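Please keep the structure in view while reading.

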Amino acid sequence: MDRTLTSAAGALPRHIAIIMDGNGRWAQRRHLPRIAGHRAGTQSVKSAVRNCAEKGVDALTLFAFSSENWSRPAQEVTQLMELFLSALQNEIQELHQSHVRLEFIGARDAFSEKLQQQMREAEQLTAANPGLHLNIAANYGGQWDILQAAQQLALRVEQGTLRASQIDRALLESCLCLSALPAVDLFIRTGGEQRISNFLLWQIAYTELYFTETLWPDFDASALQAALDAYATRQRRFGGLTVAHQAQA
Ligand code: IPE
Ligand code: IPE
Ligand code: MG
C-alpha cells in the first residue's frame, strides 16, 4: 500500500471501501420482508460499480457478509446465500465485459461448494481484466484477517524460514487481504450507524471515514458523488504536516 503525504483536495480516492448497511430497514419501512431490502441493495451495488469504474477509481471493496452475520436468523442467511449465488450468475458476464476484475476476501470455506466454485470461476474469468478492481468481502472480518496473517507468519517461523525479529509492519501487511492494492483512501458506511463492525481494521489506519444516513438501497450516483465531494475537502496529513501548515511554522 502506498501513501502520499498530501491533502485530498480535489482528488479522487484510488480505493473506496463500503459497509453497505440499511437493507433491512429499507424493507421494513415498506412493510416488506428483509430479503426485499437485500435484493434492492444489489441494484445499488451495480450502480456503485458502474460509477466507480466510469470515474476511474482503481479499487472498490464492498462488505457483503461479515463473519458475525451468521448469527442472523437461519432463513435470512439462507436467502442471502441464494441471492449471492444468483447475483454472481446474473452479473458476471456484464462485469467481465466492463473489464472489472472481481475478487473475494474472507474465509470462503464456510460457503457451499457450489458458491465457492462460482467464486473461483468468476475470479479466474476476470483475473486479467484491466478495469476496476472489485473486492467482495464475504465471511470477512478484520480480526480474522489479522489472525490469518499472524498464522501465515507463525508457520514460517515454525518451519525455520523466518525469524520473529524479521517481522515488521510491511511483512505483516503483505499477508493481509488487499495488500496488493492502493491503500483504502475512503471508507463509506451507509445506514446511519457510526461503527466499523469488524470490517477492515489494519487497512483503515489512515483512511478518511464518511458516514451517511442514506440506506444502502437508496445509495445512488448522487449519494456517491456527495461522498466523493466530502472526501475531496479532507486534509490528509498521515501524522505529518500539509504544505500550508509547514509554511506557517
Ligand atoms: C446490510 O444490511 C446487509 C448485510 C448485513 C448482509 P442489514 O441487513 O444489516 O440492514 P439493517 O441494518 O438491518 O437495516
Ligand atoms: C455490517 O453491517 C456488515 C455488512 C454490511 C455486511 P451489520 O448490520 O452486520 O453491522 P451491525 O450488526 O449493525 O454492527
Ligand atoms: Mg445492519
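Predicted model: local features only at pLDDT ≥ 70, side-chain atom pairs only at ≥ 80, totals over all residues.

## Aromatic pairs

A pair of aromatic rings is described by how far apart the centres are and by the angle between the planes. The structure holds 11 aromatic pairs. One of them is formed by Phe187 and Phe199, with 6.3 Å from centre to centre and 45° between the planes. Phe187 belongs to strand β5 (residues 186-189), while Phe199 is in the loop between β5 and β6 (208-211), so the pair ties together parts that are 12 residues apart in sequence. Both Phe187 and Phe199 are buried.

The rings of Trp216 and Phe219 have centres 5.3 Å apart. Their planes meet at 20°, so this pair is stacked, because the cut-off for stacking is under 30 degrees.

## Burial and the aromatic cluster

Are Trp216 and Phe219 buried or exposed? Trp216 has a relative accessible area of 1% and is buried. Phe219, with a relative accessible area of 2%, is buried as well. Both residues count as buried because the limit for that word is under 20% relative accessible area.

Phe187 and Phe199 also belong to one aromatic cluster, together with Phe63, Tyr140, Trp144 and Phe211.

## The shell around ligand 1

Which residues surround ligand 1? They are Met20, Asp21, Gly22, Asn23, Gly24, Arg25, Arg34, His38, Ala64, Asn69, Arg72 and Leu80. Helices α1 (23-29) and α2 (34-55) each supply at least two residues of this shell. The largest share comes from α1, with three residues.

## Polar contacts and cover

Several polar atoms of the protein lie beside oxygen atoms of ligand 1, including atoms of Gly22, Arg25 and Arg34. In Gly22 the polar atom is part of the backbone, and the distance to a ligand oxygen is 3.4 Å. In Arg25 an N or O atom of the side chain is 2.7 Å from an oxygen atom of the ligand. For Arg34 the distance from a polar side-chain atom to a ligand oxygen is 2.8 Å.

How much of ligand 1 does the protein bury? Taken alone, the ligand exposes 380 Å², and the protein buries 87% of that. The space that ligand 1 takes is the largest pocket.

How values were computed. Residues numbered from 1 in each chain as written. Chains lettered and ligands numbered in written order. Heavy atoms only, no water. Phe/Tyr/Trp six-rings, centres within 6.5 Å; stacked < 30°, edge-to-face > 60°. Helix = DSSP H or I, 4+ residues; strand = E, 2+ residues; numbered from the N terminus. Buried < 20%, exposed > 50% of the residue type's maximum accessible area, 1.4 Å probe, protein only. Near = heavy atom within 4 Å. Polar contact = N/O pair within 3.5 Å; in protein donor to acceptor, adjacent residues only side chain to side chain. Areas by Shrake-Rupley, 256 points an atom, 1.4 Å probe, with all protein chains shown as cover. 1 Å grid on protein atoms, 1.4 Å probe; cavity = no way out; pocket = protein on both sides within 12 Å on 5 of 7 lines; lining within 4 Å. Sits in = over half its atoms within 2 Å of the grid points.
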